[in-house]
Amino acid sequence: MTFQDIFKSNFLTQVAAFSLVDMLVAMALSFAIGLFICEVYKKTYRGVMYSRSFGITLLALAMLTTLAIMTVTSNVVLSLGMVGALSIVRFRTAIKEHLDIAFLFWSIVVGIMLGAGMIPLAVFSSVILGVVLLYMANRKADTENVYILVLQCADDEAEKKASGVLEQNVKQFSMKSKTVSAGGIEWTVEIRIQEGTTQFINQLYAIEGVSSATLVSYNGEYMA
């Protein structure tokens, strides 16, 4: 059969038989695994503010990918049209958290596997990946917590006293920026502490010459 014979035949219009049960099972599993991915994302998120919309996006992405793959595998004409349609789509949303990329690919890969009928692979691989991510995230959380400390000091003497308090109470600290103005000194420091109290912030504020001490969670991004 030549290439021209293929186009003369009804090959391009042949549709694979997809039963209603197959579609319901694939969609139900994509919904269940999507919920599992959302829960793992919520448990492993270490940013400043959890985005519920991103979790819903992971769920929708798994289900939509399942539908797309089922369409592609059922009809060649629709698959070519879908490739053309998706080629003009442009996503401009910036991914700020590196781990979010892994979750996006996870949802897409699960949708591909379910749409292709690889149900055992999709289920067992998702369980294994979820356990690994939960273990690594909890392990990191147990060792140290990273914060950004912003101090407003009146002079060098207050800054030296604050540095001494940090040396006694935190595991590690490093200066990110220092701004000197007529109003005093603004000191931005990245600190790492073990799980425990943050009472040293009260000690810093009690130092003569320190007008404010702010401690915020550090999500891995910093802009000087």
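At 12% relative accessibility, Glu159 counts as buried, where buried means under 20% relative accessible area, exposed means over 50%, and partly exposed lies in between (1.4 Å probe, protein chains only). The model is a predicted one, in which local features need pLDDT of at least 70 and side-chain atom pairs count only at pLDDT 80 or more, while totals for chains, interfaces and linings use all residues. Residues are numbered from 1 along each chain as its sequence is written, and side-chain values use heavy atoms, with hydrogens and water left out.

The side chain of Glu159 meets that of Lys178 in a salt bridge, at 3.2 Å from N to O; a salt bridge here is a side-chain nitrogen of Lys or Arg within 4 Å of a carboxyl oxygen of Asp or Glu. This pair links distant parts of the chain, with Glu159 in helix α7 and Lys178 in strand β2 (residues 172–181), 19 residues apart. Helices (H or I, at least four residues) and strands (E, at least two) are DSSP runs, numbered from the N terminus. In contrast to the buried Glu159, Lys178 is partly exposed, with a relative accessible area of 39%.

The chain has 8 helices and 4 strands, and along the sequence they follow the pattern α-α-α-α-α-α-β-α-β-β-α-β. Of the 224 residues of the chain, 29% count as buried.

By the rule above, the count comes to 4 salt bridges. Another of them joins Arg192 and Glu190, whose side chains meet at 3.0 Å, N to O. Salt bridges that share partners join Lys176, Glu190 and Arg192 into one network.

Helix α2 (residues 20–44) holds both Glu39 and Lys43, which lie 4 residues apart, about one turn of the helix. They form a salt bridge, and their closest N and O atoms are 3.9 Å apart. An α-helix has 3.6 residues a turn, so residues three or four places apart point the same way. Both partners are partly exposed: Glu39 has a relative accessible area of 41%, and Lys43 one of 49%. Elsewhere in α2, the buried residues include Ala26, Ile33, Ile37 and Tyr41. For its 25 residues, α2 should span 36 Å, and its end C-alpha atoms are 36 Å apart, which agrees.

Two surface patches complete the picture. Patches are made of residues with over 30% relative accessible area and no salt bridge, with like charges joined within 9 Å and nonpolar side chains (Val, Leu, Ile, Met, Phe, Trp, Tyr) within 5 Å. Asp155, Asp156, Glu157 and Glu208 form a negative patch; Lys and Arg count as positive and Asp and Glu as negative, with His and the chain ends not counted. The place of a charge is taken as NZ of Lys, CZ of Arg, CG of Asp or CD of Glu. Glu157 sits in helix α7 (residues 156–169) and is partly exposed at 46% relative accessibility. A nonpolar patch is formed by Ile128, Val132, Tyr135 and Met136, with about 420 Å² of accessible area together, as given by the Shrake-Rupley method with a 1.4 Å probe, where for residues only the protein chains shown count as cover. Met136 belongs to helix α6 (residues 119–143) and is partly exposed, with a relative accessible area of 44%.

How values were computed: The expected span of a helix is 1.5 Å times one less than its number of residues.
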